Amino acid sequence: MANILQPVRGTRDLIGDDAARHFHVVETARRIAALYGFAEWQTPIFEDTKVFSRTLGETSDVVTKEMYTFEDRGGESVTLRPEGTAGVCRALITNGLTQTLPQKVFYTGPMFRYERPQKGRYRQFHQIGIELIGPATPLADAEIIAAGWRILNALGIAEAVELQVNTLGDAASRAAYREALVNYFSRYAGDLSEDSKLRLAKNPLRILDSKDEGDRKLVADAPRMQACLTAEAQGFFASLQEYLATFGVPFIHNPHIVRGLDYYNHTAFEFVTHALGAQGTVLAGGRYDGLVEQMGGPCVPGVGWAAGIERLAMLIAAPPAAPVPVAVIPMAEDYEARALAVLTLLRARNIAAEIGYAGNAKKRLERANKSGAGFAVLVGEEIRLKNLASGEQHDVTAEALPGILSA
Ligand code: ATP
Ligand code: MG
């Protein structure tokens, strides 16, 4: 058994229960996104590196440490997408959709970050996400949050999460806040982590998102954004909270939420659970009014969120198992052709059915019993339908079968 090839660290296979949970999350999210008027997009899983390096922020953890960036054989620098928003905005621009607003986008797929793998943290993970591009009103922010809340409800985990919202203000608020933070943190510059010393010079706001314990102690007493908000930014945040109340979405205000990426303004929010240890954020997002312009498009506001499917999948109850296909069993080799005709008929009528590939009728029936199938169709001179739960059986015509089985 030497030399068995192993999966790459931080990646995992989706099989059995893991797959069932994963796809249940995706299907639930897809259904509810449609209910709110979002259309599904799929963008490439790799992009020109600049799509991410220009937008996520040069001091963000993702850009400094986590991107899978490489030169392809033509010497182009490409990056496996670490998140979905930048690609959607790139696609909005390159498909000429910035004139056709609003665009309401749902997406799902793999994301890649070079992180230290642990429970709920992988190198290839998967997200569902929505982006609402065009409207500048806080109603848009409230709608996407309500859609996220509805998805968590449909997954049965709304009770286990808390919605925390915050405002990062507008440009003027941020400039004032930045100055207040520089003043404060400069006094403790010597005590900051190496990463945060760099952030102090380049993007002091990012220090608030630090996971370093020493930093976190200083962050606890740092000045609050609230004091620096312009009247307009205050109005936006107040209006968001009113809309959330209208939609019946419970929330708390957490002034420490800043989000890990640079492109956010006004609204920032996270749905947090205590059930997953340090990996407690299951769904997170915010407003990104400058992003499309930063990518070379016109000035188009937007707001969105993404959720980690692996973290959601760990929180949900196991989804109901799919019904096991009807087992079609030839009673002897001579009846194989007839059994295949029955099999084909059932599938043509949208009834899940399968046939064993080997063994005599007795063996096949044993296997059908073990598989958990509800029925077996025994094909000999006569066609016999057997209820595998009760053991009851009776002769039927092939033509009558689909009707009986779909009843
Ligand atoms: P964290 O603080 O846990 O590192 P983040 O701020 O980097 O999260 P986002 O960029 O906001 O995460 O991504 C949105 C969601 O995607 C997260 O809330 C989480 O559920 C999920 N996620 C992010 N990184 C990973 C990962 N490496 N493995 C699994 N899920 C992840
Ligand atoms: Mg992270």
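The paragraphs below treat the helix packing, then the aromatic pairs, then the charges over rings.

The model is predicted, so local features need pLDDT of at least 70 and side-chain atom pairs count only at pLDDT 80 or more, while totals for chains, interfaces and linings use all residues. Residues are numbered from 1 along each chain as its sequence is written, chains are lettered from A and ligands numbered from 1 in the order in which they are written, and side-chain values use heavy atoms, without hydrogens and water.

Helices here are DSSP runs (H or I, at least four residues), numbered from the N terminus. Contact (heavy atoms within 4.5 Å) is made by Arg178, Val182, Phe185 and Ser186 of helix 6 with Leu200, Ala201 and Lys202 of helix 7.

Across the whole structure, 5 aromatic pairs are found, a pair being rings of Phe, Tyr and Trp (its six-membered ring) with centres within 6.5 Å; planes under 30 degrees apart count as stacked, over 60 as edge-to-face and the rest as tilted. Tyrosine 184 and phenylalanine 185 form an edge-to-face pair, 5.0 Å centre to centre with 75° between the planes. Trp149, Phe269 and Phe271 form one aromatic cluster.

Arginine 12 lies over the face of tyrosine 122, 5.1 Å from the ring centre. The charged end of arginine 123 sits over the ring of tyrosine 114, 3.9 Å from its centre. Such a placement requires NZ of Lys or CZ of Arg within 6 Å of the ring centre and within 35 degrees of the ring normal.

How values were computed
Helix = DSSP H or I, 4+ residues; strand = E, 2+ residues; numbered from the N terminus.
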